[in-house]
Amino acid sequence: ACRGEQQAPTYVCCHGVSLYICCCCCCCCCCRGDPILVWGYEHRAVDVAECCAACHAQRRLWERGGTAQGRNGSACNLWAFCADKDKCKDRLGECWLRRDNQLNPPPALPKAHGNNLGWISGVVYENDTHLQQYSNHALVFHTTVGDITMTLLPELAPNSVAELLRAAAWLAPYNGYCQNCRIYRPEKNFLVQGMIEAPGVYVAVPRHPSPPQRMVMEKGLICWAGGSGGPHWFVNMVDQRGFKDDHLCFAKATNESMAVFDKILELPLKNKTKPNDMNGLVESLYYNMTLKKLQQ
């Protein structure tokens, strides 16, 4: 049991469902005597993403000064959420926030596990060193008309690449299921546009500061739309000049993937109300998002 007036949950997440998020998956949530910052008996969350966000929020409080002891006495890096209505019963929604002083990075991309005990947990790492193991991975969007594979470009958008790696790792236990990730705008001889959006996935980053961008956005370069840092993106279907440093570009699609974008350009379009309106697909093309190790 953990220290404290009440007994904390003594479960091992490896036997339940392990997750990566803006937090990453923990291998074990069993108690080791490290501080419990917020007791789940008195703290409930609506869903996994909210529990993870609570851990982040507690860290921000601690960074602004914290306290000598209690819930802001140290920074949260481990959360646990009771998610299964049938198995959690009256503990449904409990959100425990802890500090694990013996935290180690995960060794590889996570996989879903059996024997779900109802509890889900995640880790908020102090920095992004755990993402280095994915530096030799490509990002893949899986659509019904083909896979879109892209090489990430940290030299142009390091923060965006880190968030995309984090997001794909978080989705890995669900086979990359990205709930609202979709492609919705095809413009021939211009671009194809989509967005990345799913509960627990937050890829948007500040547009500045960032490294200087390429003055010519060549065909296949994938960038954030609207001069922002996400979550809407577009792929250039032709070389484009004149945008200067307006768009933050984070990846380059493979030649095979450009053929998939060509297929998307042929999908049925909505009727326009005005001639200058943007094109829109009759049915948005949804996709899953995974990482694929590059061949040496």
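How many disulfides does a search of the whole structure find? In this predicted model, the search finds five disulfides.

**View 1. A disulfide joins Cys-51 and Cys-95.** The sulfur atoms of Cys-51 and Cys-95 lie 2.1 Å apart, and the link is right-handed, with 90° about the S-S bond. The pair links distant parts of the chain, 44 residues apart: Cys-51 belongs to helix H1 (residues 48–63) and Cys-95 to strand S4 (residues 95–98). Cys-51 is buried at 0% relative accessibility, and Cys-95 is buried with a relative accessible area of 0%.

**View 2. A disulfide joins Cys-55 and Cys-76.** Here the sulfur atoms are 2.0 Å apart. The link is left-handed, with -110° about the S-S bond. Cys-55 is in helix H1, while Cys-76 is in the loop between H1 and strand S3 (78–82). Cys-55 is buried, and so is Cys-76.

**View 3. A disulfide joins Cys-82 and Cys-88.** Their sulfur atoms are 1.9 Å apart. The disulfide is left-handed because the torsion about its S-S bond is about -105°. Cys-82 is buried, with a relative accessible area of 2%; Cys-88 is buried, with 4%.

**View 4. Helix H4 (residues 255–264) has buried residues.** These are Ser-257, Met-258, Val-260, Phe-261 and Ile-264. They lie on the same side of H4, because they cover an arc of only 150° around the axis. Asn-255 and Glu-256, on the other side of H4, are exposed.

**View 5. Ser-257 in helix H4.** Ser-257 counts as buried at 1% relative accessibility. Its side chain reaches the backbone nitrogen of Thr-149 at 2.6 Å, and a polar contact of 2.8 Å joins the side chains of Ser-257 and Thr-254.

How values were computed
Residues numbered from 1 in each chain as written. Predicted model: local features only at pLDDT ≥ 70, side-chain atom pairs only at ≥ 80, totals over all residues. Heavy atoms only, no water. Buried < 20%, exposed > 50% of the residue type's maximum accessible area, 1.4 Å probe, protein only. Helix = DSSP H or I, 4+ residues; strand = E, 2+ residues; numbered from the N terminus. Arc of directions from axis to C-beta. Polar contact = N/O pair within 3.5 Å; in protein donor to acceptor, adjacent residues only side chain to side chain. Disulfide = S-S within 2.5 Å.
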